[in-house]
Every structure is written in C-alpha cells, then in structure tokens.
Amino acid sequence: MDFFTLPINNLDLIILIISCFMGSLITTSVGAGGGLFVIAGMSMVLPAATLLSIHALTQAGAGLVRSFIFRKYIIFKVFLLFLIGTLIGYSLSIHFLITLPEYKMKFILGLGIIILNFLPTFQIKEVTNVMIIFVGVITGFLTMFIGAMGPIVILFLGSFIKNRQYIVGTLAWCISFQNLGKSIIFGNLGFDYSAWIFLIIILILVSYLGTIIGKKLLDKSNDILFRKILKVVILILGSKLIFDSINIYLSL
C-alpha cells in the first residue's frame, strides 16, 4: 500500500481530525477527558480491534508533544513511580487481551467511558510511593481494555498536587509514556501499524494544534460549563458503544 494512501474515507477522516483536535484541546485546557473524547470519536469509525492500537499510538505521539510543551511542569518522582506501576499493569493484562471478542471490548469501552466520566473528586492527605505505583498498576492494566486513563490519573494527581500547570504537565508525561508502551505491546502482539502510519501522523499534527490552543486557554477559560457539556457528550458516545456491543452480541 502506498504510504500516503489513507485506509478510511474522507468523512471518517474528518471525524478523526475533529476528535483528535478537540481531544488535545480538552486535555490541555480542562486537564483530562480528551482521551475519552478521542476514543469515543474513533469508535464511530474504527473497528474495536483496531481502535485501541490506533488510539494508543496517536495519543502517545500527541502526549509526547504535550510533554515537551509542559517540560518545565513535571514532578519526575511521580512520573517514574507511575511508570514502574504501569509496567506491572501491562504484564498482568497481556493474559486477558487476546481472549476478548469485539462485543466484549465495545461493552468494556462504553461502560469504562461512562464510569470514568462520572468519577467523583477526592483528596489524599499523604501520598506514598506505594500509592503512586499502585495507580500505575491499575491504570496500566485497565488502559489495555478501556484505552483512556487520563481521568483516573488526573483525579489522583489533583488530590495532592495543587498547581494546575504541574497537574497537566505530570499527567502528560504519565499518559504519553503509558500509551507509548501500550502501542509497542499491541505491535508485538501482531498489530500491523504500517497501513495506518500516515493517518497517525496527520492526527498527531492535528493534536499538536489542539494542544497549542488548549495551552492558551488553560489559564484564561472558565471550564465549569465546559466540563458539564463534555460529560453529556461522552455519556452519549459511551452509551453508543454499549448499544453497539449489545447489537453485536444479539447478532451472534
């Protein structure tokens, strides 16, 4: 296949471009939720088996760009401990990955999106190294199935990091490397990225534009109403995934 040939039609490309642009803008300006927006948008275009792999590499690329932009705002100790936990979570999840049919993956994605979208906020008075590693383990495991752990990680980071810039920056480093590791695992399990590379490059560039605009909005916008609208949109898209999974199951 020619490198510049896209494996999707123009309408699907537009959906993916909008999803990645808005996802990066949301993640950078609001703090989290963009990954859920992206994976929900991708679910309208890509089959479940392809969705997680493409989402992982696209978000890894976009996240690495965001990490560079926020390179001055990162708590390296948290990042390194989180990364250790993530590697453990990967090893636990690999045994389950190849056994999930499409309808179960869609159902888990849909239910996970809805649950993550409505998780309550919480505060932790004293954060230990073990707690950080544990969050890495849990999200490293779940990201292989749900694909967007930003809301869980930022809820955790926000419980003990007060500066919003450091929350967004540390989140960017944690999630980008988690997605990078996940994309490598999917490749080792047999997913062929070659037909999708040009599309992924386009989506990373679009995500970069969303990150630039989102950074400008970070300290200027009031995101209370924005968060409410986002919750409604993700609820609809998550519900659609569950509906699709039920249809697939009933057709078996």
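How many of the 252 residues of the chain count as buried? The share is 52%, where buried means under 20% relative accessible area, exposed means over 50%, and partly exposed falls in between (1.4 Å probe, protein chains only). The model is a predicted one, so to speak of local features takes a pLDDT of at least 70 and side-chain atom pairs count only at pLDDT 80 or more, while totals for chains, interfaces and linings use all residues. Residues are numbered from 1 along each chain as its sequence is written, and side-chain values rest on heavy atoms, with hydrogens and water left out.

As for the overall layout, the chain has 10 helices and 0 strands, with helices (H or I, at least four residues) and strands (E, at least two) taken as DSSP runs and numbered from the N terminus. Read from that end, the elements simply go α-α-α-α-α-α-α-α-α-α. Contacts here mean heavy atoms within 4.5 Å. Among contacts between residues at least 6 apart in sequence, 85% join residues at least 24 apart. The chain exposes about 11900 Å², and carbon and sulfur atoms supply 72% of that area; accessible areas come from the Shrake-Rupley method with a 1.4 Å probe, and for residues only the protein chains shown count as cover.

On to the interior. A nonpolar core is a set of buried Ala, Val, Leu, Ile, Met, Phe, Trp, Tyr and Cys residues joined through side-chain atoms within 4.5 Å. The largest such core has 29 residues, of which I8, L16, M42, L46, I54, W196 and L199 touch the most other members. Helices α1 (10-30), α2 (34-42), α3, α5 (102-117), α8 (164-188) and α9 each put in at least two residues of this core, and α2 gives the largest share, 5 residues. Leaving aside residues up to four places away in sequence, L46 touches I8, L51, I54 and W196. Apart from this core lies another, of 19 residues, with L81, I132, L157 and W173 among them.

Helix α7 (residues 150-158) is mostly covered, with 8 of its 9 residues buried. Those buried residues are G150, P151, I152, V153, I154, L155, F156 and L157.

S207 sits in helix α9 (residues 197-218) and, at 0% relative accessibility, counts as buried. Beyond residues up to four places away in sequence, S207 touches C20, S24 and A62. G85 belongs to helix α4 and likewise counts as buried, with 0% relative accessibility. Its contacts, again not counting residues up to four places away in sequence, are with I133, G136 and V137. G85 and M131 are 46 residues apart in sequence, yet their C-alpha atoms are 9.6 Å apart in space.

The aromatic residues come next. Rings of Phe, Tyr and Trp (its six-membered ring) pair if their centres lie within 6.5 Å; planes under 30 degrees apart count as stacked, over 60 as edge-to-face and the rest as tilted. By that rule, the structure holds 6 aromatic pairs. One of them joins Y73 and Y166 edge-to-face, at 5.5 Å centre to centre and 80° between the planes. Y73 lies in the loop between α3 and α4 and Y166 in helix α8, so this pair ties together parts that are 93 residues apart in sequence. F76, F79, W173 and F177 form one aromatic cluster.

I75 is found in the loop between α3 (48-69) and α4 (76-97) and is partly exposed, with a relative accessible area of 29%. Setting aside residues up to four places away in sequence, I75 touches I161, Y166 and T170. W173 is 98 residues from I75 in sequence but 9.4 Å from I75 in space, C-alpha to C-alpha.

Finally, the surface. I246, Y249, L250 and L252 form a nonpolar patch with about 480 Å² of accessible area together. Patches are made of residues with over 30% relative accessible area and no salt bridge, with like charges joined within 9 Å and nonpolar side chains (Val, Leu, Ile, Met, Phe, Trp, Tyr) within 5 Å; a salt bridge is a side-chain nitrogen of Lys or Arg within 4 Å of a carboxyl oxygen of Asp or Glu.
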